[in-house]
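Hi there,

Here is the structure I promised to pass on. Have a look at it first, and my notes on the charged side chains follow below.

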Amino acid sequence: MINNMNEFSALAGMIDHSVLHPTATDEDVKHACAVAMKYGVASVCVKPYTVSMAAEILENSPVKVGCVVGFPAGNSCTEVKVYEAEKACMDGAVELDMVINIGKALQGDWDYVEKEIRAITDTCHATGAILKVIFETDYVQRERDIRKLCQICTRVGADYVKTSTGFGFVKGSDGRYDYQGATLPHLKLMKESIGPQVKLKAAGGVRTLDQLIAV
């Protein structure tokens, strides 16, 4: 139960307001920026081509501009992800959320995964931006893989580890596609597996106040 505006503001200040659906238009981004400023959320996370617009709208606001890299499936070549990160930073993003190469993680090609995360971490830090590394825990579910990713992110100096994109849809036995997003067991595992300088972001599936407080 939220008892006062200070508690509301504290919770709002922990939220990244995302505008990442494929159908989102420029008007949707403008509306999201207005909502973000009204409620004082931490940031607005947008698609790469809308970074400049969001940065212009939020220029005199404490709300930060975030952008995704390799979103949502993480399948781009490392060089493409690095360029995406460079371009986003140049356009005004100060927080970047990259998706790992999921297939490489699942097959245990940790050298590839580490080199890629390091390259994008270094690119972000060169401009003063922070990097959040998305594991996509609807796909990468094995404890050993999540622990390994946390160790890599700690070693290369990434700023956050993050559970999900919100688009990690898994086909169920009924033929329908759905996703869980952040779960408490995965969050606890990630928290205990990262170094003290790395933060943790829950994404996807947090829909109620009770869920938010639990997270």
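How many salt bridges does a search of the whole structure find? The search finds 17, where a salt bridge is a side-chain nitrogen of Lys or Arg within 4 Å of a carboxyl oxygen of Asp or Glu.

Before the details, please note that this is a predicted model, in which local features need pLDDT of at least 70, side-chain atom pairs count only at pLDDT 80 or more, and totals for chains, interfaces and linings use all residues. Residues are numbered from 1 along each chain as its sequence is written, and side-chain values use heavy atoms, with hydrogens and water left out.

One of the pairs joins lysine 87 to aspartate 91, with 3.4 Å between the closest N and O atoms. They sit 4 residues apart in helix α4 (residues 78-91), so about one helical turn separates them. Helices (H or I, at least four residues) and strands (E, at least two) are DSSP runs, numbered from the N terminus. Lysine 87 is partly exposed at 34% relative accessibility, whereas aspartate 91 is buried at 18% (buried means under 20% relative accessible area, exposed over 50%, partly exposed in between; 1.4 Å probe, protein chains only).

Lysine 132 pairs with aspartate 97, the closest N and O atoms being 3.9 Å apart. This bridge links distant parts of the chain, 35 residues apart: lysine 132 is in strand β5 (residues 130-134) and aspartate 97 in strand β4 (residues 95-99). Both residues are buried. They also belong to a salt-bridge network with Asp16, Glu95, Lys162 and Lys201.

Best wishes
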